[in-house]
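Have the viewer open as you read.

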Amino acid sequence: MKRRSFIKTGLVTLAAGATSNSALSEIVVPIGTDVSQSEMTNFLREMDNSMDRILHAGGDYIKSLINQTPSETEQNFFRSSLRSLLLVGNFGSLSIKGQVHPWMQKRLLYSAPEVNYSVTTSLDILKNMSEESKEDIMFALKDDPEMGDRILEVLDLEAKTVGVPKGRRRQMRVMGKRIIRRLRHSPDMFIEEHVRKADKLLAACDSEKDLEHLLRLQMGEQNYSKSKNDAEKAAIQWSDMEVHDMPVGYNPILTETSVGKPSKKKINPEKKGLRLLGIGGIMTAVGWLFIAIAGGTIEGGVGLLGAILGITVGPILILIALLIIIISSIANASKKQKQSGL
């Protein structure tokens with residue numbers, strides 16, 4: 001599929017299927033270090049329902065902005081992007097005990113190919129943007145100062161419909177406003193900055209030794225050691241409880257990268273997407289466990305990035321790609337309308 005065509009026609013829905021006439025109730029994330037089994041059961045059931053809704057519902061709010069029919073590849077990208085952000089965002093809000101719950105770990109492994117697809121496709125979109133496309137983005141945002149707010153409002157409605165908590169939606173809008181402000185000022189510089197960061201982090205993901213070094217640097221030696229010990233203790237506690245299995249309540253989105261099943265003994269390359277979204281793998285006596293990486297604050301002091309959508313550049317890459325596709329589609333539709341009126 002031609003990249004320019006993808007950017008041009010790219011969005012009828014953020015996750016073609018993310019909405020319907022009635023929204024799900026907000027997902028309730030267990031708070032505190034002493035998470036109970038019943039709390040995790042309710043939380044994961046709600047999350048599974050939201051993940052499933054994204055796959056099957058309609059995307060009415062985005063359709064009100066852009067009236068086009070997406071290809072299957074385009075729909076896969078939008079759906080997987082929203083599901084990746086929802087999955088990783090909820091995971092990052094849990095305490096370590098909640099993060100290492102066997103059912104939560106199972107869902108991360110299950111969705112690893114989808115997360116990887118979302119991240120790598122977003123990176124591919126940004127890397128393949130022409131200078132003309134970047135200028136079009138900048139001029140579109142300057143010519144219509146309210147476009148960014150309209151788009152963020154629609155994305156907020158889409159997120160609300162699948163049960164994303166109000167606080168997380170508010171934080172996502174803060175990040176979205178920052179992205180739009182940078183795109184309006186200098187899209188080339190902004191995109192290059194995040195592509196460079198992503199490439200650097202992905203290179204570190206090729207080596208377990210390099211990844212561990214990165215985790216230690218980002219978390220700090222003391223926090224890394226504590227998190228590793230806490231993760232192992234919590235995993236053992238869940239193991240001692242002999243928690244029965246809870247099947248994943250949503251189907252995978254089939255993509256080019258979702259062939260094969262993740263290995264239980266070796267870190268699969270498809271987990272790079274999880275790592276880029278701020279979920280690191282640490283080796284403990286009970287095996288590989290994924291934990292969220294703590295990060296810095298965003299503009300305005302609105303919480304930790306790790307409490308928003310994960311950490312590092314991954315979530316920002318996805319949001320940049322989604323916003324660029326929407327802006328480009330609106331701008332191109334406006335051009336066609338003006339040309340037809342001549």
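Searching the whole structure turns up two aromatic pairs, where rings of Phe, Tyr and Trp (its six-membered ring) pair if their centres lie within 6.5 Å, with planes under 30 degrees apart called stacked, over 60 edge-to-face and the rest tilted. Tyr110 and Tyr250 make an edge-to-face pair, 5.4 Å centre to centre with 80° between the planes. Tyr110 belongs to helix α6 and Tyr250 to the loop between α12 and α13, so the pair ties together parts 140 residues apart in sequence. Helices here are DSSP runs (H or I, at least four residues), numbered from the N terminus.

How exposed is each partner? Buried means under 20% relative accessible area, exposed over 50%, partly exposed in between (1.4 Å probe, protein chains only).

| Residue | Relative accessible area | Class |
|---|---|---|
| Tyr110 | 31% | partly exposed |
| Tyr250 | 2% | buried |

This is a predicted model: local features need pLDDT of at least 70, side-chain atom pairs count only at pLDDT 80 or more, and totals for chains, interfaces and linings use all residues. Residues are numbered from 1 along each chain as its sequence is written, and side-chain values use heavy atoms, without hydrogens and water.

Now to helix α9, residues 166-185, whose buried residues include Met172, Ile179 and Leu183. Leu183 touches Ile137, Phe190 and Ile324, among others beyond four places away in sequence, contact being heavy atoms within 4.5 Å.

Key:
Helix = DSSP H or I, 4+ residues; strand = E, 2+ residues; numbered from the N terminus.
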